[in-house]
Amino acid sequence: MGRNFHETLAELRRTRGVSQRQVAADLGISQALLSHYENGAREPGLAFVCRVCDYYGVSADYLLCRSESPAALEPETARDFLESLRALAERGERALEKMGGIGHD
């Protein structure tokens with residue numbers, strides 16, 4: 001995709017027109033640490049990644065450069081996921097019925 005986490009993190013901030021100082025304060029970290037994240041000198045933990053996604057309103061896949069779309073899920077991905085869940089639920093119900101378990105009320 002041609003981009004990486006630290007570039008995406010910095011670009012999100014610049015696009016919003018917010019200073020490193022402000023973003024760092026909003027996210028509860030030091031400006032120096034945010035600078036390290038944005039220049040690729042350090043990598044954050046999962047909790048920080050989640051806070052950044054919430055802060056900028058983007059998906060983790062976008063922030064981690066696994067998707068070009070900042071939306072939470074691309075429509076075809078969401079549809080495939082829901083179809084997989086439905087199939088799994090049906091298999092689980094059939095397995096319970098074979099075991100004499102609880103069915104739908």
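At what angle do helix α2 (residues 20-27) and helix α4 (residues 46-56) pack, and how far apart are their axes? In this predicted model, the two helices pack at an angle of about 115°, and their axes lie 11 Å apart. Axes are lines fitted to C-alpha atoms, for helices over the stretch in contact, and angles run from 0 to 180 degrees between N-to-C directions. That value makes α2 roughly perpendicular to α4; angles of 65 to 115 degrees fall in this class, those under 35 count as roughly parallel, those over 145 as roughly antiparallel and the rest as oblique. The crossing of α2 and α4 is right-handed. A crossing is right-handed if the near helix is turned clockwise from the far one by less than a right angle, and left-handed if anticlockwise. On the α2 side the contact (heavy atoms within 4.5 Å) is made by Val-23, Asp-26 and Leu-27, and on the α4 side by Phe-48, Arg-51, Val-52, Tyr-55 and Tyr-56. The residues of this contact divide into 6 nonpolar, no polar and 2 charged. Ala, Val, Leu, Ile, Met, Phe, Trp, Tyr, Cys and Pro count as nonpolar, Asp, Glu, Lys and Arg as charged, and the others, Gly among them, as polar.

The model is a predicted one, in which local features need pLDDT of at least 70 and side-chain atom pairs count only at pLDDT 80 or more, while totals for chains, interfaces and linings use all residues. Residues are numbered from 1 along each chain as its sequence is written, and side-chain values use heavy atoms, with hydrogens and water left out.

The chain has 6 helices and 0 strands, in the pattern α-α-α-α-α-α along the sequence. Helices (H or I, at least four residues) and strands (E, at least two) are DSSP runs, numbered from the N terminus. Of the 105 residues, 26% count as buried, that is, under 20% relative accessible area, with exposed over 50% and partly exposed in between (1.4 Å probe, protein chains only). Among contacts between residues at least 6 apart in sequence, 50% join residues at least 24 apart.

Helix α2 also packs with helix α3 (residues 31-39), at an angle of about 105° and with the axes 8 Å apart. The two are therefore roughly perpendicular to each other. Gln-20, Arg-21, Val-23 and Ala-24 in α2 meet Gln-31, Leu-34, Ser-35 and Glu-38 in α3. By class, this contact has 3 nonpolar, 3 polar and 2 charged residues.

Helix α4 packs with α1 as well, at an angle of about 30° with the axes 12 Å apart. That makes α1 roughly parallel to α4. The crossing of α1 and α4 is left-handed. Phe-5, Leu-9, Leu-12, Arg-13 and Arg-16 of α1 make the contact with Phe-48, Val-49, Val-52, Tyr-55 and Tyr-56 of α4. The contact of α1 with α4 comprises 8 nonpolar, no polar and 2 charged residues.

Thr-8 lies in helix α1 (residues 5-16) and counts as buried at 5% relative accessibility. Residues up to four places away in sequence aside, Thr-8 touches Arg-3, Tyr-62, Leu-63 and Cys-65. Cys-65 is found in the loop between α5 (60-63) and α6 (75-98) and is buried, with a relative accessible area of 13%. Phi of Cys-65 is near 65°, a positive value in a residue other than glycine. Cys-65 and His-6 are 59 residues apart in sequence, and their C-alpha atoms are 9.8 Å apart in space.
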